[in-house]
Every structure is written in structure tokens, then in C-alpha cells.
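Subject: Structure for your files

Dear colleague,

Please find the structure we discussed below. My notes on what was found in it follow.

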Amino acid sequence: LSSFSRPIIADKHRQIGATGATTTANRILSLVSKVFSFADEAGLWDKKNPCKGIKKFKEKKRDRFVQPGEMPVLLRQIRAYPNATLRDYFLICLLTGARRANVFTMKWVDVDLTAGVWRIPETKSGQAVRIALVPEAQTILCDRMKICGESSEYVFPGRYGKSHLKEPKKAWAKILENSGLKDLKIHDLRRTLGSWQAAAG
């Protein structure tokens with residue numbers, strides 16, 4: 001830890017930001033800062049956190065979401081994707097507006113298909129939330145339950161049924177390629193639902 005001085009960290013932050021990856025530079029700075037904070041709490045570091053005082057780059061918030069004209073094309077490609085687990089994962093992300101990490105770890109014990117409610121035990125804020133499942137989402141989950149049965153703890157199990165699904169980057173890239181859409185991330189599906197709800201009042 002002592003080899004990482006404030007000038008070294010500040011210079012690396014500047015170098016990464018100079019390439020245009022300002023958001024990445026800020027995330028790395030935050031991560032390094034957390035490492036020193038943890039070391040301080042664990043009694044491994046008794047000096048000032050060298051990341052303190054390093055000014056972060058200004059970040060431009062993403063406002064990308066699926067446009068009305070893009071939605072039919074995107075849905076058609078998602079529904080045509082051959083892997084049922086990935087296909088359903090993308091649709092649930094879109095239909096619930098939940099964070100992809102929460103959808104990854106979605107468990108059957110937290111889903112009440114009769115009431116049409118999904119309870120997320122802990123969100124990014126540390127709070128539990130309840131999400132109402134629209135009919136389309138309920139249908140998808142009912143079909144998934146028939147596929148998974150009681151053999152899986154997770155709604156979207158990982159390969160060979162172990163743990164849960166991981167980041168499906170290749171699948172998403174293929175869907176975007178087939179739909180002709182650019183600069184659309186999985187996280188933007190969450191933003192899409194929020195934007196459409198806001199527009200609808």
C-alpha cells in the first residue's frame with residue numbers, strides 16, 4: 001500500500017482520463033480509495049487515504065434508451081434468440097426495469113406468481129423492494145418455472161445449473177448486430193422502462 005502515493009494515483013487517473021475513458025478513470029479512483037478505506041478499517045493502514053482530494057472528471061450521464069421505432073425490431077430479435085434463458089433474461093430486464101444484477105440473482109423463493117409480485121431482498125441502496133409483474137412478465141416466469149422445476153434455486157441459472165447467469169455480453173452483442181441498433185447497453189433497458197413510464201405520466 002505504501003508504494004501508492006497520491007501523485008502516482010493522480011497521474012494514473014489523469015492518464016486514463018486523457019484517453020477519453022473518464023468514467024473508467026473515476027471508477028478506478030473510487031475502487032482504489034475503497035481499498036485504502038478497507039485497509040484503514042482492518043488496521044492495515046494508519047495514514048491518510050492518498051485518493052482524497054483527487055478531483056474526478058465530470059461525467060456525462062447516459063440518456064440512451066430504446067426509441068419507439070426501435071422497440072419492435074429489438075423485441076423481434078430478443079424473442080428470436082435461440083437460448084431461452086438469455087432470451088427470457090433480457091425480456092424480464094425490460095419488463096421490470098430492475099437492475100441487471102438483481103435479475104441475475106432472482107430467486108424463485110422471492111417470486112409470487114399468484115400475486116404477481118417479485119420481492120428483491122436487497123437493492124443497491126440496501127433496501128428491499130417489491131416489483132409488480134406485468135402479465136407478460138408473469139407468463140415468461142410461469143414458462144421458466146415449468147422449464148426449471150424445483151431443480152434450480154435461481155430463475156436464471158448459470159451454465160450446467162450452477163449458481164446464476166453471468167453477464168451475457170456476447171448474446172447482447174449478437175442481438176444488437178441483428179437488430180441494427182448501436183450504443184445500446186443492457187442497463188439501458190432499465191432506463192427505457194423508466195423513460196416510457198415518465199412519458200406516460
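Rings of Phe, Tyr and Trp (its six-membered ring) are taken as a pair if their centres lie within 6.5 Å. Note that the model is predicted.

Aromatic rings. Under that criterion there are five aromatic pairs. In one of them, the ring centres of Tyr89 and Phe104 are 4.9 Å apart with the planes at 0 degrees, so this pair is stacked; planes under 30 degrees apart count as such. Tyr89 belongs to helix α4 (residues 84-96) and Phe104 to helix α5 (residues 100-104), so the pair ties together parts that are 15 residues apart in sequence. Tyr89 counts as buried because its relative accessibility is 0%. Phe104, at 8% relative accessibility, also counts as buried.

A charge over a ring. Lys47 lies over the face of Trp45, 5.2 Å from the ring centre.

The sheet. Three strands form an open sheet in the order β1-β2-β3, and the pairing is antiparallel. Its edge strands are β1 (111-112) and β3 (129-132), each of which pairs on one side only. Strand β2 (residues 117-120) runs antiparallel to β3 and is joined to β3 by four bridges. Within β3, Arg130 is the bridge partner of Arg119.

Regards

Key: Residues numbered from 1 in each chain as written. Predicted model: local features only at pLDDT ≥ 70, side-chain atom pairs only at ≥ 80, totals over all residues. Heavy atoms only, no water. Pairing = 2+ DSSP bridges. Helix = DSSP H or I, 4+ residues; strand = E, 2+ residues; numbered from the N terminus. Phe/Tyr/Trp six-rings, centres within 6.5 Å; stacked < 30°, edge-to-face > 60°. Buried < 20%, exposed > 50% of the residue type's maximum accessible area, 1.4 Å probe, protein only. Lys NZ or Arg CZ within 6 Å of the ring centre and 35° of its normal.
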